Structures are given as structure tokens and as C-alpha cells.
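Here is a friendly set of notes to read alongside the model. Please keep the picture open as you go through the points.

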Amino acid sequence: MEKFVYIALFAPFVGALFAGLFFARSPKTHLVGIVNSSLIAVAFVSAVTLALHVAEHGAVHVQMMTWIAVGDLNIPFGFLVDEVSVTMMLVVTLVSTIVHIYSTGYMNHDKGYNRFFSYLSAFVFSMMILVMSDNFAGLFIGWEGVGVCSWLLIGFWYHKEDKTFEENPSISPSWAANEAFIMNRIADLGMLVGIFLIYWNVGSLQYDVVFKALPHLADGLLVAIAMALFIGAMGKSAQFPLHTWLTDAMEGPTPVSALIHAATMVTAGVFLVIRANPLFSLDAVHGVSMFIASLGAFVAFYAASMALSARDIKRIVALSTLSQLGYMFAAAGLGAYWIALFHLAAHAFFKALLFLGAGNVMHAMDDELDIFKMGGMKKVMRGSYIYMGIASFALAGLPIMAGFYSKDAIIETAFNDGSFIIWGILVITAGMTAFYSFRQVFFTFHGEERYKALGFHPHDMYKYVLVAMAPLAVLAISFGWFMDNFHEFITKNLPDYEMSHETHHLAPYLGTIVIVLALIGICIAYIKYAGKGDKAWKRNEKKENSFIYKLVANQYYVPKFYDEFIVQPYTVASDKFWEMDKAIVDGTVDFIAKVIYVSGDVSRGMQNGNLSSYLNWMGVGALLLVLGAGISAFIG
Amino acid sequence: MEIGISHYLILSGILFSIGFVGVLRRKNLLMLFFATEIMLNAVNVAFAAIGNYYGDLSGQMFAFFIIAVAASEVAVGLGLLILLHKRYGSLDLEVISSMKG
């Protein structure tokens with residue numbers, strides 16, 4: 001089985017090197033797209049093989065080689081393929097394969113085609129390291145690796161000009177990339193502190209050793225470690241207050257948004273909490289877990305409220321991702337780790353599908369993102385319409401769909417736990433989710449054909465791309481049907497979450513509430529946005545100028561707040577420090593250089609080419625030497 | 001008055017100083033050669049005198065070596081001087097200053 005571990009891990013790496021080393025400067029080559037997609041597909045097949053093996057024989061633990069061995073510090077390059085990591089591997093490689101194939105169509109006309117595939121495969125490799133590592137150091141390497149790849153890919157169109165905040169809230173791709181990277185660095189510092197604390201007090205970073213030693217540590221220390229690790233997770237999974245980068249990351253190409261900022265990388269934070277479940281389920285850190293759950297519920301609602309009024313098709317999807325991440329954290333914080341992982345996988349499938357569908361729309365509309373300019377496109381884009389419809393049904397959590405099972409389980413968990421506030425927020429958010437996802441669908445595909453007046457000629461994506469998206473659609477519908485199998489498989493490794501008998505009989509009613517709310521949301525969206533002719537949607541200036549609408553549309557002024565109270569003061573301070581730096585540090589260095597320069601300039605006069613004066617200087621030197629020798633002899 | 005070691009050393013010092021000043025002040029290369037010869041021989045005198053004073057022959061042996069070295073140096077040096085004179089028509093140091101920095 002060892003070889004499958006290595007194939008799954010290194011096939012994407014080979015792809016990245018192949019595209020990066022040999023084709024980085026050459027013009028677009030379809031070979032790169034084909035080879036890279038096949039390599040990721042190979043990784044997917046290996047992951048499937050591993051999953052079957054793990055289901056039958058248990059975890060595979062391999063140690064590739066020693067990595068750091070200094071004194072007592074011993075960190076090997078080890079990989080652990082157990083039920084949790086193999087689930088992540090399956091999700092990552094499956095979505096990656098489809099996104100790679102999709103990209104061969106989506107990036108067809110882009111100059112940076114080869115470069116794009118090199119980055120994308122490198123991302124998959126980093127993500128595989130992140131999920132497969134058997135120690136925190138390897139996890140951190142993968143963690144930083146996906147951060148770098150995310151930076152490269154958000155800023156993929158780095159040549160675009162900066163715009164004002166009013167014109168484009170994410171200013172420019174390179175600005176957005178830097179924002180994402182810097183925000184993640186802030187969070188990574190927290191994570192690093194957590195890893196240091198673990199090493200200091202346990203003396204190892206191997207998961208099994210650490211988790212065995214945790215119960216013997218002091219309570220305060222455990223809380224500190226849990227907090228520090230969760231700060232890292234907050235950055236990567238874009239939880240409040242480090243969430244602004246995720247919507248701005250939509251500046252990247254859409255396949256990137258689908259793969260990195262919906263399905264895989266942003267779920268790394270949830271994965272970390274699930275991975276470290278022996279830590280987070282300790283009694284001592286119960287407070288931290290409650291905080292995680294509350295923050296998750298808050299973010300779920302907060303992001304959903306912003307999505308209600310967003311106009312940018314990609315931002316809506318990004319905000320819904322944020323909201324769903326909140327659901328996952330709520331589940332993980334309440335101790336239902338396996339439900340969080342289940343929602344993570346289900347979400348990866350339907351959200352990637354939704355993003356790729358949005359990408360099709362964008363592609364058809366010449367990169368126009370404003371849904372106010374679309375409408376009635378179901379005639380010209382039937383395939384994408386069906387896919388986005390399926391994905392939205394799954395996101396809204398309607399019965400049969402994947403999202404229904406996973407989201408319902410989370411909401412039931414909250415009720416069962418007695419956290420009725422969290423439960424209430426999550427239920428209301430579920431209704432809002434249905435509303436905004438169908439608002440987007442109706443705006444884009446139903447109603448008046450507003451795009452015609454603006455001179456767009458949309459056409460659907462290549463056939464083969466639409467076919468390649470089919471597996472995601474199938475999973476978005478059917479993944480939930482395997483909940484029991486998944487439960488049986490995953491609880492070998494993760495703690496089971498028992499619904500108590502007192503509340504379990506209420507589950508059908510609770511589910512009904514959610515479904516009814518979701519249906520109401522969809523109906524409102526339909527009435528408001530899907531009408532034609534007289535009933536067609538019209539812009540309501542009065543409403544758009546109301547306080548709440550403005551508050552929500554401006555993302556609660558959080559980006560503005562950051563800009564005004566963090567970025568600008570920091571810029572001013574930097575300017576001042578730069579001046580100080582110039583005066584003191586640079587001044588000292590410049591002074592030394594100047595002294596040497598001037599003395600050289602002066603003593604250059606000695607070199608006049610006249611042997612006689614040379615001899616004079618030599619004589620003087622010799623005399624000085626004799627004098628010095630005499631004095632030193634005299635003194636001592 | 002008996003002539004002792006100090007007289008020889010004083011003579012040697014005076015000769016050396018004359019040569020030294022000559023090296024510093026003279027502008028003609030030939031004269032510079034003379035001046036260095038004077039300095040060398042001043043050292044020879046000192047060597048021989050000190051060797052005799054201590055009853056050690058190595059001082060005089062050094063003097064011989066220096067005479068031999070000085071002779072060969074003069075042979076080479078005078079050859080070069082002739083070449084220089086052919087090229088510049090003069091041995092004045094002001095004229096043959098080609099190594100300007």
C-alpha cells in the first residue's frame with residue numbers, strides 16, 4: 001500500500017514540475033493540461049485504492065525518511081493515511097481532477113495556461129502534504145504551501161491595474177493576493193505558537209504521541225494550545241475577524257476559487273480542528289470548543305446576511321462558502337467531528353459545482369460578474385443552468401440532496417446539545433441560504449434577458465467540460481445517501497456523536513422547520529426575481545439607500561474599518577519609520593562609506609606617478625616604523 | 001683616542017643618513033643609485049664593526065653577501081638605466097613619470 005501513498009502524494013508534484021520546469025516560458029500547450037489532469041486523476045485512483053484498503057485493514061502509516069533530527073528533536077517525513085485523511089484525500093483529488101479538466105477549457109484563451117497548471121498542481125501537492133502528514137510540522141509545511149499557491153493563484157492576473165475601493169472592493173488581483181497572504185500570516189503566527197507550545201511541553205510533534213500526552217498537561221496550557229491552533233484555523237478558514245480576504249480572493253481565476261477557496265484550502269482549518277479532536281474534546285478546553293461553535297454560528301449568519309444583497313456572482317458564492325464554513329465549525333465545536341467532516345465533503349462537491357457553474361456564466365458573459373446585468377440565460381446555457389440549480393438545491397438543503405443530510409445533522413446537533421441560540425441562528429441562516437442562492441440562480445437564468453440590451457452574446461462552455469462536471473453533480477445529489485456508510489467508516493477513527501434520546505424523536509420536526517424555511521426563501525426569491533414583463537424585477541433606489549441595505553452591501557464596513565484603522569495608520573507609521581530608518585541606520589552606513597570615499601579621494605593625490613615623491617612617502621613610512629619600534633622598545 | 005665600536009657605528013649612521021637624504025632629495029636616477037650604494041655600504045660598515053666587536057665572523061660574511069648582491073643589482077640596474085635613457089633621453093624622475101594614478 002505504501003506505493004499508493006507515494007503515488008497519491010507525488011503525482012501532483014510531478015505535474016507541477018512538468019509544467020513549471022519545461023513549459024513555463026513556452027506558449028500554450030494542451031499537452032500540459034492533459035498530462036497534469038491525468039496525473040491528478042492518477043492520484044485520485046490511488047486515493048480510492050487507499051480508501052478501500054483503509055476501510056478493510058485500517059490506517060496506513062509510512063515513514064519516508066528522516067527530516068529533522070537534531071539532539072532530542074526528531075521530525076520524520078511521515079505520512080498517515082487513516083479514515084480522516086483518506087476522506088480529505090478523496091475530496092481533494094476528486095475535486096482537483098475535475099477542476100483541472102475544467103481549467104483546460106476555462107483557461108483555453110489565457111496566455112498563462114502552462115503557468116496556471118503548474119501552480120494548480122503545486123497546490124494539490126501542498127494540500128496532500130497538509131492532510132497526509134503524521135505530525136504538526138508536516139501539517140504546517142503543507143499549510144504554508146497552500147498559502148503560497150493561493151497567493152500565486154489569486155494574483156494570477158497580476159498585470160491588472162489597481163482600482164479604487166468604490167469601483168472594485170478587492171482593488172486588484174495582486175492587492176487581493178497580498179491581503180490573503182498577509183491575513184494568513186497573522187493567523188499562522190498563532191498556529192506556530194501552538195505548535196511550539198506542543199513541542200515544548202510534549203517533546204514531540206507526532207500526532208499519536210502528542211494526543212496521548214495531552215491529558216497530562218495543565219489546563220491553562222491546553223487552553224492556550226487550543227486557542228493558538230484555532231487562531232491558525234481561523235485564518236485559513238476565513239473566520240471572523242480574518243474573513244475579508246476570502247471575498248477578495250475571488251479576483252483569482254474561477255477554477256481557483258472553486259478548488260482552493262471553496263472545496264479544499266479553506267476547509268483546512270476545519271480539518272485541523274477535526275484532526276486535533278482529542279485536544280478539542282478535552283474537558284479543559286470546553287470553553288474554546290464552545291467559542292468555536294459560537295463563532296461558527298455567528299459567521300454562518302454574518303456571511304449569509306452579506307450574501308443577501310451582493311451583486312457579484314462570485315462574491316455571493318464566496319460568502320456562502322464562508323457561511324458553510326461557519327456551519328462546519330459549529331459542528332466541530334459542538335463535538336460532532338464526523339458530522340463536520342461529512343458536511344465538509346458534501347460542501348466541497350456542491351460548492352465546487354456551484355463555482356464552476358458561476359465560472360461558465362462569467363465565461364459566457366466576457367468576465368462580467370454583476371448579476372444585475374444577467375437574466376433569462378437558461379435558454380442559452382442549459383447545461384450550466386441545470387448544474388447550478390442542482391448545486392443550489394444542495395446548498396439550500398432540500399431533501400434528497402447532499403446538503404440536506406449534512407446541514408440537517410449539524411442543526412440537529414446544535415439542538416441536541418442544548419445550544420438553542422446556536423440552533424436558532426443556524427436555522428434562520430438555512431432559510432437565508434436558500435434565499436440568496438436562488439436569488440442568484442433566478443437573477444442569472446430567469447426573468448428578463450437584461451444582457452441583450454448590453455450587447456452580450458453568451459454561449460455555454462465546451463461540451464467536454466460540462467461532461468467533466470457531471471461527477472460533482474451526481475455527488476451533490478447523492479452524497480448524502482451514504483451518510484450511514486460514512487458514519488460507520490469514519491467513527492473507527494473519530495469519536496461518535498450520540499444524539500440523546502430525549503431530543504432525537506424531535507428530529508423530523510426540526511428538519512421540517514428547516515425545509516419549510518428554505519422553501520419560503522426560495523419562493524420569495526422566485527417571486528421577486530424570476531418574473532418577466534410586468535412582474536420583472538426592478539431596482540428599488542429607496543431600498544438600496546436604506547441603512548441596513550447599505551450596511552450589508554458594504555460588508556458591515558469591516559473592510560473599510562480595516563483600511564481606516566489598521567492599514568492607513570500602519571502606512572503612516574511605516575512612512576515615519578522609514579524616515580527614521582533613513583536618518584539613523586542609513587545615515588550611519590552612509591557616513592562610513594563617505595569617510596572611506598573622501599579619504600580615498602584625498603590620498604589619491606599621493607599617486608602622482610613621480611618616483612621621487614613615492615620614495616619620499618616610503619621614507620616617511622620607514623621613519624615612522626623606526627620611530628614606532630623605538631617608542632615601543634622604550635616603553636616596554 | 002682609541003677608535004672603538006661607537007665610532008664605526010656613528011660613521012655608519014652618518015653615511016646611512018647621507019644616502020637616505022640622497023634617496024629622498026635627488027631627482028636623477030643615477031644619483032639615486034649612488035645614494036642607495038652609500039646606504040648599503042653604511043650597513044656593511046656596521047656589520048663588519050659589530051662582527052669584529054663580538055668576535056663573530058657572520059657579520060663580515062653578511063657584508064660580503066651584501067657586496068655581491070649590490071654588485072649584481074648595479075649590473076642589472078645600470079642596464080635598465082641605459083634603456084630608460086634611450087627611451088626618454090633623460091634620467092630625470094620628473095620626466096619619466098609614466099605610473100600616474
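**Notes on the predicted model**

1. H100(A) is in contact with N36(A), S37(A), I40(A) and L120(A), leaving aside its neighbours within four places in sequence; two residues are in contact if their C-beta atoms, placed from the backbone, lie within 7 Å. H100(A) lies in helix α3 of chain A. It counts as buried because it has 26 C-beta neighbours inside 10 Å. A residue is buried if 20 or more other C-beta atoms lie within 10 Å of its own, exposed if 12 or fewer, and partly exposed in between, with C-beta atoms placed from the backbone. H100(A) and P255(A) are 155 residues apart in sequence, yet their C-alpha atoms are 8.0 Å apart in space.

2. A word on conventions. This is a predicted model, in which local features need pLDDT of at least 70 and side-chain atom pairs count only at pLDDT 80 or more, while totals for chains, interfaces and linings use all residues. Residues are numbered from 1 along each chain as its sequence is written, and chains are lettered from A and ligands numbered from 1 in the order in which they are written.

3. Now the overall view. Chain A has 28 helices and two strands; helices (H or I, at least four residues) and strands (E, at least two) are DSSP runs, numbered from the N terminus. Of the 636 residues of chain A, 49% count as buried. The C-alpha trace of chain A spans about 110 × 65 × 50 Å along its principal axes. Among contacts in chain A with a separation of 6 or more, 81% come from residues 24 or more positions apart.

4. Strand β1 (residues 60–70) of chain A runs antiparallel to strand β2 (residues 73–81) of chain A, and nine bridges join them; two strands pair if DSSP finds at least two bridges between them. V62(A) stands opposite F79(A) in β2(A), and A69(A) stands opposite N74(A). The two strands form a hairpin with two residues between them, and G71(A) in the turn has a positive phi of about 60 degrees.

5. Next, a helix pair. The axes of α16 (residues 382–396) and α18 (residues 420–445) of chain A come within 8 Å and cross at roughly 170 degrees. Axes here are lines fitted to C-alpha atoms, for helices over the stretch in contact, and angles run from 0 to 180 degrees between N-to-C directions. α16(A) and α18(A) are therefore roughly antiparallel to each other; angles under 35 degrees count as roughly parallel, over 145 as roughly antiparallel, 65 to 115 as roughly perpendicular and the rest as oblique. Residues making the contact include Y385(A) and M388(A) of α16(A), and F438(A) and F445(A) of α18(A).

6. F445(A) is found in helix α18 of chain A and counts as buried because it has 24 C-beta neighbours inside 10 Å. Leaving aside neighbours within four places in sequence, F445(A) is in contact with M377(A), K378(A) and Y385(A).

7. The axes of α14 (residues 313–333) and α17 (residues 402–416) of chain A come within 10 Å and cross at roughly 45 degrees. That angle makes α14(A) oblique to α17(A). The contact is made by Y327(A), A330(A) and A331(A) of α14(A) and K407(A), I410(A), T413(A) and A414(A) of α17(A).

8. Finally, some backbone details to check in the loops. The peptide bond from F240(A) to P241(A) is cis, with omega near 0 degrees, and P241(A) sits in the loop between α8 (219–236) and α9 of chain A. A238(A), found in the loop between α8 and α9 of chain A, has a positive phi of about 55 degrees although it is not a glycine. Is A238(A) buried or exposed? A238(A) is buried, with 28 other C-beta atoms within 10 Å.
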